[in-house]
Amino acid sequence: MDRTFEDIPFGEIEGVNLSDPSLLTEMYGWSVTQLVDRYVHLGTVCLVVLLGLYVWGLLSAYLEIPPNPSSEKERMFAIH
């Protein structure tokens, strides 16, 4: 997937304003490299947060599962 900076949608949204990339580069002075890097960093942070939430959900669901009653009985009889 060989992408270039020309694929970024610079320009104007009809009847509204500049597109987000145009707004960030023209009005706020971001370079195209800064724009791409910041979006990649934002995407990475979002992915890490989602992964953390997923793991937290798995662990909380696992901890709420009651122990298997048949295995408890087997352990009790095995000890006596």
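Residues are numbered from 1 along each chain as its sequence is written, and side-chain values use heavy atoms, with hydrogens and water left out. Because the model is predicted, local features need pLDDT of at least 70 and side-chain atom pairs count only at pLDDT 80 or more, while totals for chains, interfaces and linings use all residues.

The protein chain has three helices and two strands, where helices (H or I, at least four residues) and strands (E, at least two) are DSSP runs numbered from the N terminus. From the N terminus on, the order of these elements is β-β-α-α-α. Of the 80 residues of the chain, 9% are buried; buried means under 20% relative accessible area, exposed over 50% and partly exposed in between (1.4 Å probe, protein chains only).

Helix H1 (residues 20-27) holds the buried residues Pro21, Ser22, Leu24 and Thr25. They lie on the same side of H1, because they cover an arc of only 170 degrees around the axis, the arc being that of the directions from the helix axis to the C-beta atoms. On the face turned away from this buried side, H1 carries the exposed residues Glu26 and Met27.

Turning to helix H2, this element spans residues 32-64 and includes Leu50. Leu50 counts as exposed because its relative accessibility is 55%.

Finally, the charged end of Arg38 sits over the ring of Trp30, 4.4 Å from the ring centre (the criterion being NZ of Lys or CZ of Arg within 6 Å of the ring centre and within 35 degrees of the ring normal).
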